[in-house]
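Me: Got a model open here and I'd like to talk it through. Can you help me get my bearings?

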Amino acid sequence: MLTILFDGIAYGMVLFVLGCGLSVTMGLMNFVNLAHGAFAMLGGYVAVAAMQRLGLPFLASLPLAFLVAALVGIVLERLIYRPMYAKSHLDQVMFSIGLVFMAVAGTDWLMGSGQQFIRLPAWLQGRFEIAGIGIGRYRLFVIAVCGLLAVSLQWGFTRTRFGSRLRASVDDARVARGLGIPVTRLFALTFALGSGLAGLGGALGIELMGLDPTFPLKFMIYFLIVVTVGGTSSITGPFFAAMLLGVADVVGKYLVPQVGAFIIYALMVVLLITRPHGLFARARA
Amino acid sequence: MTHRRTVLGGILGLALAVSAGGAVLAQDAVKIGLILPMTGPFASTGRQIDAAVKLFLAKEGPVHGGRKLEVILKDDAGNADATRRFAQELVVNDKVAVLAGFGLTPLAMATAPIATQAKVPQVVMAAATATITEASPYIVRTSFTLPQASEPMADWAAGNSIKKVFTVVTDYGPGIDAETSFAAKFKGAGGTVESVRVPLRNPDFAPFLQRVSEAKPDALFVFVPSGIGAQFMKQFVERGLDKAGVKLIGPGDVVDDDILDGIGDVAIGAITTHHYSARHDSPANKAYVEAFQKANPGMRPNFMSVGGYDGMRLITEALKKTGGDTEGDKLIAAMKGAAWESPRGPISIDPDTRDIIQNVYVRKTEKVGSELYNVEFATIPNVKDPVKARK
């Protein structure tokens with residue numbers, strides 16, 4: 001039972017890294033970016049290409065996945081996202097879902113439609129047991145990396161100058177600009193950070209979720225659940241939401257496989273009825 | 001006014017006559033409507049079959065039974081609505097003589113009423129749920145059925161001191177087919193079976209494999225669509241089930257030749273029953289694999305590709321028998337009972353069920369040189385689809 005809890009936590013951690021980028025762009029920047037999964041897929045493919053074509057080790061391909069996704073994020077933000085900030089949410093949804101379909105078709109064309117594989121280094125393969133709990137090495141690695149990220153993100157947004165400037169810009173961009181905060185640059189950086197995180201999540205997730213060109217469509221629902229349940233105004237919200245959903249999904253499928261796939265949705269509905277603004281939402285006017 | 005109308009009518013009539021004449025000319029070629037998932041999650045199936053169809057035309061030439069073949073390829077992306085629409089267009093606008101392809105069960109099923117109404121033979125080259133051929137008297141199949149591949153596994157397991165099996169299958173037509181046919185046969189032979197079904201869109205197999213690991217069975221019987229097979233194999237090994245002595249068995253989809261090398265060494269030792277392996281030891285297959293790889297560098301033909309290759313052979317054999325007549329009923333009659341040597345071994349079309357009769361092989365995944373292959377070590381000859389055979 002504890003083994004399955006451990007598996008669920010690892011799965012939730014990957015969901016968190018994938019989803020928190022979305023809550024960064026969607027919550028902090030108030031932009032509905034459904035194309036988030038495309039950045040995650042990009043990160044995954046960068047990792048695959050780095051390992052297969054350039055022969056880089058797995059650990060080196062992870063930061064590369066982050067960097068490339070972040071860079072593409074900056075470029076796209078400047079070129080096509082920025083004009084969309086002022087548009088209505090519906091326009092943003094249509095726009096970003098269009099991007100998703102372009103990404104799916106483009107990846108299919110460039111990389112082929114098959115599943116992509118990576119070979120993990122030997123020290124990340126297999127499992128060991130502590131007190132009867134089976135611990136997969138890779139899952140432990142994922143938990144460590146993602147846990148570290150969660151802590152540093154929370155710290156970054158609440159305790160640093162960057163974080164406070166960003167929150168100020170989101171709440172009132174005009175006043176923030178008047179105070180001398182470089183709002184545009186801040187937003188570009190934040191967008192890059194969100195995309196980079198998605199890319200990293202995509203690379204980390206290959207081994208657990210697989211990678212093919214339909215990735216952004218297949219997992220869009222999961223990112224959205226994490227963000228809607230977790231709320232978009234903090235890092236802790238999506239973190240606990242992702243944990244809860246990851247564990248509920250895995251444990252549910254383990255205990256009652258007949259309805260297991262449905263549990264995650266039932267949980268979402270219950271949570272949204274009881275806490276419509278998300279788990280840790282601050283009150284909105 | 002009336003005068004002008006007759007003139008207009010005349011022009012219209014003339015135009016119709018001309019276009020009808022055009023249609024007669026175009027009918028000189030026998031058109032085959034090939035509907036495949038060329039993009040989307042099942043694109044591997046489409047690519048394999050498309051490559052096999054092209055290879056067949058390149059090797060055997062385009063003229064059969066005195067008629068030139070023309071293949072019209074449509075990409076349905078694995079979406080049944082699209083398949084149905086393309087089938088309709090191909091029948092009505094392009095006047096195809098045969099509909100072919102069909103990567104998945106729902107796609108073949110969606111097209112069945114069109115084949116029946118239009119009296120156009122529907123050659124199923126991939127989809128593998130047993131009941132498909134019952135959906136229309138115009139459906140003929142050149143791939144396989146899952147019970148056909150799964151039941152021999154039950155016999156093999158029972159004969160090799162496996163007593164307790166846990167089955168994990170994807171929760172849709174073919175998965176349920178594989179599970180029920182294996183379980184029934186295996187229980188009949190005195191074994192015990194526990195089962196779980198996995199949702200089609202399932203990212204992580206951890207919870208299901210954990211159940212397996214706690215049940216401590218002698219073997220894990222698995223059917224998942226081939227792309228996802230890699231994921232499954234890796235997590236099977238990650239959980240240490242191979243070391244715990246659980247044998248991995250099942251129909252050959254998890255160790256699909258198309259992705260076997262990508263799966264890596266975790267696949268070694270899997271025992272599967274299937275109708276085709278790229279390593280099948282026959283001159284016909286050696287020639288086939290060589291020609292396929294020459295025409296498609298970096299690709300290895302899998303069980304889907306032979307379904308497509310033999311589908312084309314079936315169509316051309318039928319055309320030869322009818323002397324180029326493309327009338328649907330005559331073509332179907334000519335297809336019934338057709339038999340030939342395929343790259344997978346001797347096969348024939350059952351005249352009663354229009355389904356394929358073929359050898360099923362027991363194989364073990366091994367490293368041959370630097371590549372992984374499914375090496376056949378036993379043959380069960382002339383297996384009919386057991387579901388329809390029992391009726």
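Me: Let's start with charge: how many positive and negative side chains does chain A have?
Reply: This is a predicted model. Chain A carries 20 positive side chains and 10 negative ones. The centres of those two sets are 9 Å apart.

Me: OK, and the surface? How much of it belongs to carbon and sulfur atoms?
Reply: Carbon and sulfur atoms account for 70% of the accessible surface, which totals about 12,300 Å² for chain A.

Me: Switching to the fold. How many helices and strands are there?
Reply: Chain A has 11 helices and two strands. Going along the sequence, the order is α-α-α-α-β-β-α-α-α-α-α-α-α. The radius of gyration is 19 Å, close to the 19 Å from the globule rule for 285 residues, so chain A is as compact as a globular protein of that length.

Me: What box do the C-alpha atoms fill?
Reply: Roughly 60 × 45 × 35 Å, along the principal axes.

Me: And what share of the residues is buried?
Reply: In chain A, 54% of the 285 residues are buried.

Me: Let's zoom in on α3. Which of its residues are buried?
Reply: Helix α3 of chain A covers residues 58-81, and its buried residues include Phe58(A), Leu62(A), Ala65(A), Ala69(A), Gly73(A), Glu77(A) and Tyr81(A).

Me: What do the buried residues of α3(A) pack against?
Reply: Four helices of chain A: α2 (36-52), α4 (89-111), α5 (137-159) and α8 (183-209).

Definitions and conventions
Residues are numbered from 1 along each chain as its sequence is written. Chains are lettered from A and ligands numbered from 1 in the order in which they are written. This is a predicted model: local features need pLDDT of at least 70, side-chain atom pairs count only at pLDDT 80 or more; totals for chains, interfaces and linings use all residues. Side-chain values use heavy atoms; hydrogens and water are left out. The radius of gyration is taken over C-alpha atoms; the globule rule is 2.2 Å times the number of residues to the power 0.38. Buried means under 20% relative accessible area, exposed over 50%, partly exposed in between (1.4 Å probe, protein chains only). Accessible areas come from the Shrake-Rupley method with a 1.4 Å probe; for residues, only the protein chains shown count as cover. Lys and Arg count as positive and Asp and Glu as negative; His and the chain ends are not counted. The place of a charge is taken as NZ of Lys, CZ of Arg, CG of Asp or CD of Glu. Contact means heavy atoms within 4.5 Å.
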